[in-house]
Structures are given as structure tokens and as C-alpha cells.
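This briefing goes through one protein chain by topic. Please keep the sequence and the structure at hand while reading.

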Amino acid sequence: MKFSSSLKFNAVSDWWDEYISYDSLKRYIYQLEKEQHVEGRPYRDVEANEQDSLLAQSGTDAVFEPLLNKDLGKIVSFYHAQEKELTDEVAELEELVEKQEEAGLGGDDRYFDDPDDDDDDDDESISRSPERRRRQKSSTRRNISRELGSSARAHRLSISSADTADNEGVGGSVSRLANRIGDTLRDSIISNAPSVPEMQTIWNYKSDYAYDIRLLFKRKITTSYVAVANLKSYVEVNYSGFRKILKKYDKVTYSELKDRYMHQVVETSYPFLRDSKDRLEDARKRLISLYTKCVTNGDRRLASQQLKLHQRENIAWERDTVWRQMIAQQRRGDVEGEPMTMGALLKPPGPGLFYIPTPLGTIRVTKKMIYKIIAGIIFITLLNVQVLETLEANRCFAILMFCTFLWATEAIPLFVTSMFVPLLLVLLQVLRNDAGDVLSRPAATTWVFSIMFSPTIMLLIGGFTISSALSKTNIDRVLITKVLSLAGARPSIVLLAFMGVSCFASMWISNVAAPTLCFTLIRPILRTLPPKSAFGPCLILAIALAANIGGQSSPISSPQNLIALQGMDNPIDWATWFVVALPVSAISIILIWGMLLMSYRPARAPDGDGEIEIKQIRPTRDPFTHKQWWVTIVCLVTIGLWCVAHQIESYIGNMGVIAIIPIVAFFSTGVLKKDDFEQFMWTIVFLAMGGIALGKGVMSSGLLDVVDDIIHDLVQGVPLYGVILILSPIVLIISTFISHTIASVLLVPIVKKVGENLPGNHQNILIFVTALICSTGMGMPVSGFPNQTAATQEDELGELYLSNVDFLKNGVPASIVATIVVSTVGYLLMLAAGM
């Protein structure tokens with residue numbers, strides 16, 4: 001949760017204006033960042049409309065400190081007033097308790113009914129509002145003073161502010177009071193009354209008068225106790241607010257104000273002094289003592305428990321109210337600067353293509369609904385039409401076409417379509433054993449689930465674990481900012497540096513998380529660019545394209561690589577993968593970088609006068625912690641073992657076993673928690689599992705044998721490189737319009753069969769080429785997650801940086817260039833690696 005949201009969640013609602021102005025200060029920091037970036041431009045105070053040279057002389061500290069001082073002064077003044085009010089209230093309560101003890105049981109003879117008392121609610125929540133506390137304080141003071149005076153004269157007692165009452169109302173008053181007190185409040189008082197007559201006082205006597213007096217003081221003490229707790233929380237939240245905003249200020253403006261201001265100014269201010277905290281603690285202990293005397297009959301432990309319970313209930317009620325308000329604001333889109341995080345739950349359904357009225361209501365027909373109907377028609381038709389000779393192959397073909405159509409149209413989530421695969425394979429009895437006999441449904445179930453959770457899936461989960469550990473310990477940000485700090489301020493160099501960083505990050509934290517991280521890091525640069533600068537869209541598109549290229553750089557960077565390894569009879573090790581993929585990726589990045597420079601000319605100023613200068617990224621100053629070193633060592637050891645997996649295969653069995661090492665190392669030492677495990681991209685895991693099951697089903701059913709005959713005739717006499725030249729554009733087109741993972745699921749079994757029909761059995765080369773080219777399909781906004789993320793990036797005015805034209809104009813040529821690199825340089829490297 002962001003601190004601005006956390007502040008709203010933990011603040012006392014009636015004191016909201018008295019807290020640190022966190023959002024305003026944050027906006028001012030970004031304004032100072034822009035002013036700081038413009039060299040030689042004097043700072044202009046917008047409110048005073050005055051110019052001075054503060055930025056040039058003293059930096060931004062001289063501008064920002066007065067804003068902090070203003071907020072700090074507001075907090076100090078408010079705290080002074082609240083502390084004085086609470087201190088007086090506690091002292092007055094002690095005085096009233098003492099006077100009540102002196103009065104004793106003198107008022108027990110009779111007391112009046114208050115007509116207004118019917119409106120009071122014994123179960124009313126104790127408000128944290130200062131105004132309500134003052135009203136309660138005034139009312140209680142009048143009530144108790146009147147009680148004391150009446151007791152001294154042996155007169156009637158009234159627990160309200162009424163001046164007169166009728167004696168005939170005594171019975172009704174007692175009945176109504178008893179009903180309103182409730183079992184819980186009454187039991188907490190009655191249970192502490194002693195059975196020894198000689199020890200009876202007003203605090204333990206069993207009478208309606210004594211119950212009412214104890215209830216009156218219980219409410220007042222509880223209200224004061226909650227108020228003290230709220231004031232203590234007010235100090236803690238504001239202290240965190242100053243620490244957070246100063247940390248952000250230092251990070252954005254590259255200043256070192258935080259430590260000095262916190263130690264010399266904040267911590268020496270009245271609310272944050274040790275004496276002030278001790279006074280609050282003393283007031284809290286005095287209230288516990290009063291509660292012990294008045295309510296729990298001397299049991300201090302029970303008094304502390306009950307008061308803390310009241311405090312928790314009050315906080316829970318307040319937070320529930322605030323949380324409901326925050327969610328309502330999110331749904332209305334009223335939260336400034338906060339993204340809509342509720343996803344599909346908050347997104348209203350789009351308009352239907354048309355509507356069909358029925359007796360049971362109107363049916364809204366959407367595009368996805370039509371796709372589902374078409375998929376069902378395709379499936380039923382192919383099941384009932386004999387397209388292939390054998391029944392199992394024909395049914396498998398129907399399943400293949402059904403799932404392919406759903407994957408291509410995304411009529412339902414991709415992973416849900418994958419779950420159709422094992423369901424239909426078993427129900428339609430598609431699977432056969434090695435002898436060609438159809439497996440029974442129980443046997444087919446056991447077999448299909450055994451191959452779905454393969455070592456490849458374990459490798460995928462191990463990759464997620466490494467990605468999560470690198471992100472959670474901030475290692476990825478530390479390394480990336482250190483690299484980017486070397487790029488300087490030249491737009492072309494900064495662009496190349498970000499492309500390299502995006503590609504490298506995609507290798508280890510997946511091409512899903514890497515662009516998201518990079519888009520976060522470029523925010524300071526985008527904020528300081530001149531309006532309508534071409535560098536912004538060029539940088540965003542470059543990061544997306546480089547992240548796609550990074551998807552081919554390591555076996556765990558994207559699911560299609562793991563599916564390719566799964567399809568190989570003798571999977572290549574990581575070292576062989578790197579020998580081919582790293583040079584291919586590097587050459588592709590450089591060529592795409594040159595294309596973007598020619599297309600956008602990002603260094604040119606929007607007005608055509610000179611070149612822009614980029615705000616330089618500076619590395620984080622935080623030292624490397626022991627936890628970060630532990631994560632780094634485990635990751636390096638795991639990757640090293642993956643690189644030599646074939647050499648140590650007799651000891652470890654498979655790369656999937658090596659993937660268990662980071663899982664055990666990080667979760668057993670507390671680096672990652674159960675929540676982190678739950679946040680893994682399980683939809684991708686299930687998508688890969690469904691793809692593996694479909695590939696095995698195609699082979700087991702005999703469908704692949706039918707395809708083999710067709711392929712054999714097509715590739716007869718065609719050399720290996722000719723097959724690659726034919727295969728490359730087919731793979732590129734398919735991966736451009738559907739998911740890269742789905743493209744590999746569909747194509748890997750086919751190219752494997754093609755390779756087996758070529759002289760020399762070059763199936764591994766064709767599978768490797770297919771996997772690499774799947775990552776190069778990036779010509780459309782929907783071509784892969786990096787493109788989808790880039791297409792949603794907006795500037796400060798809410799306008800998109802990229803349009804479809806940007807992707808068509810630059811993404812399509814980039815895809816073609818990257819494919820050519822794979823089919824030429826990549827092919828030569830594969831031959832050199834002995835594949």
C-alpha cells in the first residue's frame with residue numbers, strides 16, 4: 001500500500017487536515033525536479049510570483065524546507081492543544097472520581113428519569129472526534145457535579161442534564177437503563193463486585209444507582225483512553241510521513257536533506273520529544289488506574305485488556321469506514337494519482353454488439369460470446385466429420401482446432417482454455433499407449449497429469465522464485481540503476497542503455513516484470529522532458545521491444561523457451577543456449593536501436609532548436625545487505641548448475657531438480673513468504689501445463705503421424721536452411737497475432753516432426769529457431785506482454801505515448817530484422833555449437 005493510502009487508512013478522520021500534507025509535498029517535489037533539470041533557469045515561486053536564485057545558490061533545500069516547516073508548525077500547534085485538553089480531562093476525571101468516593105452511596109435512595117436519556121445509546125461507538133469529546137466532557141461534568149451535589153444533600157440523582165423530573169418515572173427509568181446497558185457491559189461490571197458486605201463502595205455495590213455511576217465513568221474513561229491512543233498514533237503517523245517524504249525528496253532531487261532535517265528539526269520538535277511521549281504514557285497509565293478502580297474492582301490486568309479491546313474495536317470501526325470511502329472513491333475514479341487497481345471487478349462491461357429480448361430478460365450479445373459459439377460449432381462439427389482415418393486422431397484434431405481458436409480469440413482466459421486439454425483428452429479417450437491401444441479413462445487420467453507436471457514446470461516455478469527474490473530484495477533496481485548511471489545524459493546513449501537493461505532484466509525476472517520495472521525507472525526522465533518530445537514514445541517503445549528480445553535470451557525468461565526445451569528429446573544445456581541466444585539478442589538490440597534513432601530522431605528538441613538533455617539516473621546509495629548477498633549467491637549457484645546440467649546429470653537428474661534449490665533457500669530463510677508464493681504467475685504455469693498435455697496428446701493419438709506424412713512430402717529434397725527460411729516467416733506471423741507461448745505450443749510438435757524427417761535429425765535446431773523467433777513477434781500492441789504494457793503508458797495529461805501507428809511503423813520492421821538475425825546468425829551459431 002502506498003503511504004498516501006496508508007495515511008488515509010490510519011489517520012483519525014476528524015483530524016485529517018491536521019496531518020502532514022503528503023500528497024501536496026510530493027507534487028511539489030516533482031515540480032522542483034523539473035525546475036532543477038533546467039540549467040540556468042531561476043526558480044519561480046508561483047504563489048508569490050517572485051523570482052530568485054535559490055536553486056542556483058542553495059539548491060532545492062532552501063525551497064523545500066519552508067514547506068516542511070509550515071507543516072511541522074501546524075502539527076506542533078495541534079498537538080499542544082490536544083495534549084492540554086487531554087491532560088486537563090484526565091485530571092478532572094481523577095478529581096470527579098475522588099469526589100464520588102467521598103459522596104459514597106448517599107444518592108442511592110432514589111434518582112430521577114431523564115426524558116432525553118432515551119435517545120442515548122449505550123452501545124454507541126466512542127468517536128475520536130475532538131468536538132464530540134468536548135461535548136461529552138461538558139455533559140459529563142454537569143451530570144457528575146449535579147450527582148455530587150444531590151448526594152451531599154441526600155437529594156435525587158439525575159445522570160442527565162435535566163434540572164427537574166417526576167418521581168413517578170423511577171420504575172420506567174430503571175427498566176430502560178437496564179435494557180440499554182446490555183449483557184456485555186453489565187457483566188464486565190457485575191463480575192467484579194465482591195461478596196463481602198464490609199468492603200462495599202460505590203465501585204462494587206450491587207444497585208442500579210451504582211451500576212449507572214460505574215457505567216458513566218467507564219464510558220468517560222474509555223473515551224479518554226481512546227483519545228490518548230489516537231494522539232499517540234497521530235505522532236507516529238506524522239513522523240513516518242516526514243521520513244517518507246524526505247526520502248522521496250532526496251531520491252528525486254539527489255539531495256541529502258533527510259538525515260539532517262529529521263535529527264535537527266523533526267526529532268527536536270515538541271510532539272516528538274521523549275518528554276512528550278512520556279506525558280502521553282503517564283496519562284494512559286492514569287486512565288488505566290481509574291478504570292481499575294471504577295470498573296474492574298482493582299484488577300489492573302483486566303482493566304488494561306478491556307481498554308485495549310475498546311481501542312481495537314474503535315480503530316476497526318474507523319478503518320472500516322475509511323476503507324469503504326476509499327473504495328468508493330476508487331470506483332468513482334476520484335483518487336488523484338492512484339491507478340485503478342481493482343482490475344476487471346471495477347471495469348464496467350462494454351456495450352454489446354446487439355441485444356436479444358427473451359421472456360427471462362434481455363441477452364447482451366458480445367464479440368466474445370460469438371467467438372465461444374463459433375468455437376463450439378467448430379468442435380462439434382469436427383467431432384462428427386471424419387477428417388482423418390483413425391478415430392483418436394480425428395478427435396485430437398477437433399480438440400486442437402477448438403483450443404487454437406479459443407487461444408487466438410481469447411474468448412476465455414488462456415489458462416482456462418489450457419485446462420480444456422486434459423479434460424477433453426480423457427473424456428474423448430484420445431490417448432493411446434505404445435502398443436497403439438486406447439487407454440482407459442482412469443489410466444489416461446494418471447498419464448496426462450503425470451506428464452503435465454514435468455521438470456519443465458519445475459524449472460518455470462524456479463524461475464518465478466528467482467524473479468520474486470530479486471525484486472523483493474531490490475537487487476534488480478540496484479543493478480539497473482548502477483548501469484543506467486553510466487549512460488550519461490545523451491539521448492542516444494540513454495536509449496541504448498535502457499534497451500540493454502530491459503533485455504538483461506527480462507532474462508532473469510521474466511519479460512513480464514522487466515518492462516514494468518523499467519517503466520517505473522523512466523518516470524523521472526519523462527517528467528523532465530519538454531512537451532511533445534519524441535524521446536518519450538521512443539524510449540517506451542524501445543523498452544518494450546528490448547524486453548521481447550530479452551524473452552529469447554535465457555531458458556527461464558519466457559514460457560516458450562521452456563516449452564521448446566520440453567519438446568527436445570535431448571534438451572540443450574544453459575551454456576549452449578547462451579552461446580546462441582546472447583549474440584543474437586545483442587545484434588538485434590543494436591539494429592533495432594539504430595532503426596529507432598532514424599525513425600524518431602529522439603535527441604532533437606520539439607521546437608527544432610538544438611538537442612534535449614536527459615536527466616541522469618543516479619545509483620541508489622543503500623549498501624548491499626546480508627539478505628541481498630544471500631539472494632545473489634543462491635541465484636549465481638543455481639544458474640551455474642543449470643549451465644552445466646548435462647555434465648552433472650548423473651548426480652542431479654534434471655534441471656527441474658536444480659530449480660528446487662532457490663525455492664528451498666529463499667522460503668526456508670524468510671526471504672520470501674507464503675504471500676510471495678501465492679503471487680507467482682500461476683496462470684502461465686497452467687498455460688504451459690496445458691500446452692505440454694496438448695503436445696503429448698497430438699503424439700499419442702496418432703495425429704502427429706498423419707502430419708508427419710504430409711510434412712515428409714513437403715520437405716522432400718529441401719535442405720535444412722531452406723526449411724528454416726520457409727519456417728521463419730510462418731512462426732513470425734503466428735506469434736505476432738497470438739500469444740508467444742501459444743505459438744510455441746502449437747508449432748513445437750510440428751517442427752519437431754519436420755526435423756525428424758530431415759537427414760541428420762536436426763529437430764533441436766528447428767525447435768530452437770522456433771522458440772527464438774516466437775519472441776520476435778512484436779509488430780502489434782497485443783504482441784506479447786511488453787507491448788501491451790507499453791501501449792497503456794500515459795503522460796501527465798492522460799494522453800497515450802504510443803499509438804497503433806508507432807507499433808506498425810517500428811514494431812513490424814523490428815520483428816523482421818530480429819527474425820532475420822535468428823535465421824542467419826543464430827543458425828550459424830547453432831551449427832558451431834554442434835547442434
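**Briefing on the chain**

Ile 377 lies in helix α11. The model is predicted, and Ile 377 belongs to a nonpolar surface patch described below.

**The chain as a whole**

- The chain contains 33 helices and four strands.
- It has 835 residues, of which 49% count as buried.
- Among contacts with a separation of 6 or more, 75% are between residues 24 or more positions apart.

**Nonpolar surface patch**

- Leu 353, Phe 354, Ile 356, Ile 363, Met 369, Ile 373 and Ile 377 make up a nonpolar patch on the surface, and together they have about 610 Å² of accessible area.
- The largest contribution, three residues, is that of α11.

**Aromatic pairs and a cluster**

- The whole structure holds 22 aromatic pairs.
- In the pair of Phe 379 and Phe 402, the ring centres are 5.0 Å apart and the planes stand at 45°, so this pair is tilted.
- This pair links distant parts of the chain, with Phe 379 in helix α11 and Phe 402 in helix α12, 23 residues apart.
- Phe 379 and Phe 402 are both buried.
- Phe 677 and Phe 680 also form a tilted aromatic pair, with 5.3 Å from centre to centre and 55° between the planes.
- Phe 677 is partly exposed, because its relative accessibility is 35%, whereas Phe 680 counts as buried because its value is 7%.
- Phe 677 and Phe 680 are part of one aromatic cluster, together with Phe 464, Phe 667 and Trp 682.

**Ser 502 in helix α17**

- Ser 502 is located in helix α17, which covers residues 491-521.
- The relative accessibility of Ser 502 is 0%, so this serine counts as buried.
- Leaving aside residues up to four places away in sequence, Ser 502 touches Ala 514, Cys 518, Ile 543, Ala 546 and Ala 547.

- Most residues other than glycine have a negative phi.
- Glu 410 is not a glycine, yet it has a positive phi of about 55°.
- Glu 410 sits in the loop between α12 (391-409) and α13 (414-427).
- With 41% relative accessibility, Glu 410 falls in the partly exposed class, because that class lies between 20% and 50%.
- Arg 601 is likewise not a glycine and has a positive phi of about 50°.
- The loop that holds Arg 601 runs between α21 (574-600) and α22 (626-643).
- Arg 601 has a relative accessibility of 49%, so this arginine also counts as partly exposed.

Notes
Residues numbered from 1 in each chain as written. Predicted model: local features only at pLDDT ≥ 70, side-chain atom pairs only at ≥ 80, totals over all residues. Heavy atoms only, no water. Helix = DSSP H or I, 4+ residues; strand = E, 2+ residues; numbered from the N terminus. Buried < 20%, exposed > 50% of the residue type's maximum accessible area, 1.4 Å probe, protein only. Contact = heavy atoms within 4.5 Å. Patch = residues over 30% accessible without salt bridge, like charges linked within 9 Å, V, L, I, M, F, W, Y side chains within 5 Å. Areas by Shrake-Rupley, 256 points an atom, 1.4 Å probe, with all protein chains shown as cover. Salt bridge = Lys/Arg side-chain N within 4 Å of Asp/Glu carboxyl O. Phe/Tyr/Trp six-rings, centres within 6.5 Å; stacked < 30°, edge-to-face > 60°.
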